[in-house]
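Take a look at the structure, then read on.

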Amino acid sequence: MISYRLGEEHEALRVTVAEFARDVVAPVIGGFYERGEFPYEIVARMGKLGLFGLPFPEEYGGMGGDFFALCLALHELARVDSSVAITLEAGVALGAMPIYRFGDEQQRAQWLPDLCRGERLAAFGLTEPGGGSDIPGGMRTTARLEQGEWVIDGSKAFITNSGTAITSLVTALAITGDPGGRREISAIIVPSGTPGFTVGPEYSKVGWCASDTRELAFASCRVPEANLLGERGRGYAQFLQILDEGRIAIAALSAGLAQGCVDECLRYVRERSAFGHQLGDYQDIQFKIADMEARAHGAKLAWYDAAARLQASEPFKKQAAIAKLTASNAAMDNARDATQIFGGYGFMNEFPVARFYRDAKVLEIGEGTSEVQRMIIARQLGVGGSRPD
Ligand SMILES: Cc1cc2nc3c(=O)[nH]c(=O)nc-3n(C[C@H](O)[C@H](O)[C@H](O)COP(=O)(O)OP(=O)(O)OC[C@H]3O[C@@H](n4cnc5c(N)ncnc54)[C@H](O)[C@@H]3O)c2cc1C
């Protein structure tokens with residue numbers, strides 16, 4: 001039997017997060033967004049709710065839930081705001097997850113409890129100024145072993161959660177050698193504040209304005225050899241695994257934004273009149289909203305499907321890429337239509353649909369562009385594919 005109905009625990013979580021988004025996030029997030037300010041108070045409350053520990057075992061301070069639960073939380077948060085949703089997504093699926101998946105017991109015990117409580121954040125350092133899609137080919141960051149320490153040189157671009165006052169570490173991918181002429185790539189934990197590790201100023205962004213994104217520089221930055229995460233030379237494979245999962249999470253966030261557009265429009269077309277009728281009385285508006293609802297629903301089913309496969313330990317790479325591609329499309333299309341339905345008010349920052357419009361675009365770029373998703377899908381179908389992914 002196939003069932004897409006949520007079980008009791010998942011439904012309770014969904015309702016809790018939806019209420020939190022409505023009562024705590026919605027009233028204040030517009031101000032943080034306009035000021036380009038990271039919402040520490042909201043993040044602390046998300047931490048108290050247990051959202052940062054959702055998919056991790058209780059022994060590390062987690063909630064003992066699953067990846068599906070994390071995606072549900074992202075979906076509900078993004079119905080109201082994407083900056084807080086991406087802070088959670090990057091903090092958990094990209095930041096803490098590599099430590100949990102590939103860390104040894106000492107690393108897990110050292111880092112995870114604070115991350116699970118949302119008191120600290122971790123960042124994921126893959127993309128470099130010279131290229132994001134073409135990793136590892138375009139990678140330049142190196143790390144060499146010297147007297148029991150990794151010496152890291154290079155830079156990273158667009159790294160989420162990397163420069164907040166509560167960021168504890170970034171896991172950076174670096175070239176650690178080229179045995180037999182093959183690039184060896186490893187993942188290394190770099191704690192915030194390590195000498196030689198500089199975090200740049202917050203970028204000025206089109207969207208996700210209340211989230212933290214920065215460039216990182218490493219200049220003879222030394223960390224203990226024990227900060228290697230997982231096996232030496234397996235860093236790229238580890239990061240690809242993390243990205244496959246992360247795409248489901250981003251798809252859930254995108255589907256949430258797409259649904260948020262419907263939520264806002266349903267309210268507005270009952271309030272706003274033109275030519276003597278409520279906007280909702282016009283068939284063109286009805287059809288637009290019907291299309292938006294259909295896209296949001298399709299996007300939700302796509303990430304449900306990918307997440308269900310992940311949880312059943314079945315192959316999910318293709319489904320994750322499909323979910324990311326279709327949900328980010330849905331978010332963009334719905335944000336454009338919602339803004340149109342709001343007319344001039346849709347172009348005013350005080351209305352959530354303007355934020356949705358500004359936040360939707362990056363969903364087609366981050367964690368693998370739409371083109372990269374198409375490459376993955378095509379390769380999974382056996383078309384092309386000399387590159388391992
Ligand atoms: C707000 C924000 C937050 C981010 N957070 C993080 C983070 O936390 N950690 C992290 O590591 N990265 C992060 N990123 C980086 C993000 O993952 C990259 O921007 C993305 O992977 C694209 O890489 P790029 O920007 O270098 O574009 P490029 O790789 O230079 O691509 C440019 C364009 O060329 C296209 N293209 C590239 N190659 C091909 C090809 N072979 N065929 C067809 N088209 C192609 C791409 O699809 C794209 O349209 C973030 C980015 C943003 C904007």
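**A first walk through the model**

Thr369 is buried, with a relative accessible area of 18%. Keep in mind that this is a predicted model.

Q: Which residues is Thr369 in contact with, leaving aside its neighbours within four places in sequence?
A: Start with its place: Thr369 sits in the loop between helix H9 (352–360) and helix H10 (370–380). Its relative accessible area is 18%, and buried means under 20%, so Thr369 counts as buried. Beyond the neighbours within four places in sequence, its contacts are Ser133 and Glu364.

Q: Are helices H4 and H5 roughly parallel or roughly antiparallel to each other?
A: Helix H4 (residues 82–102) packs with helix H5 (residues 105–116) at an angle of about 150°, and their axes are 10 Å apart. Angles over 145 degrees count as roughly antiparallel. H4 and H5 are therefore roughly antiparallel.

Q: How many nonpolar residues does the contact of H4 with H5 have?
A: On the H4 side are Ala96, Ile99, Tyr100 and Arg101, which meet Gln107, Arg108, Trp111, Leu112 and Leu115 in H5. By class, this contact has one polar and two charged residues, and the nonpolar ones number six.

Q: Which helices are included in what covers the buried residues of H7?
A: Helix H7 (residues 283–311) has 29 residues and reaches 41 Å from its first C-alpha to its last, close to the 42 Å expected. Its buried residues include Ile285, Met292, Trp303 and Leu310. Among what covers the buried residues of H7 are helices H3 (67–78), H6 (235–271) and H8 (317–342).

Methods
Residues are numbered from 1 along each chain as its sequence is written. This is a predicted model: local features need pLDDT of at least 70, side-chain atom pairs count only at pLDDT 80 or more; totals for chains, interfaces and linings use all residues. Side-chain values use heavy atoms; hydrogens and water are left out. Helices (H or I, at least four residues) and strands (E, at least two) are DSSP runs, numbered from the N terminus. The expected span of a helix is 1.5 Å times one less than its number of residues. Buried means under 20% relative accessible area, exposed over 50%, partly exposed in between (1.4 Å probe, protein chains only). Contact means heavy atoms within 4.5 Å. Axes are lines fitted to C-alpha atoms, for helices over the stretch in contact, and angles run from 0 to 180 degrees between N-to-C directions. Angles under 35 degrees count as roughly parallel, over 145 as roughly antiparallel, 65 to 115 as roughly perpendicular and the rest as oblique. Ala, Val, Leu, Ile, Met, Phe, Trp, Tyr, Cys and Pro count as nonpolar, Asp, Glu, Lys and Arg as charged, and the others, Gly among them, as polar.
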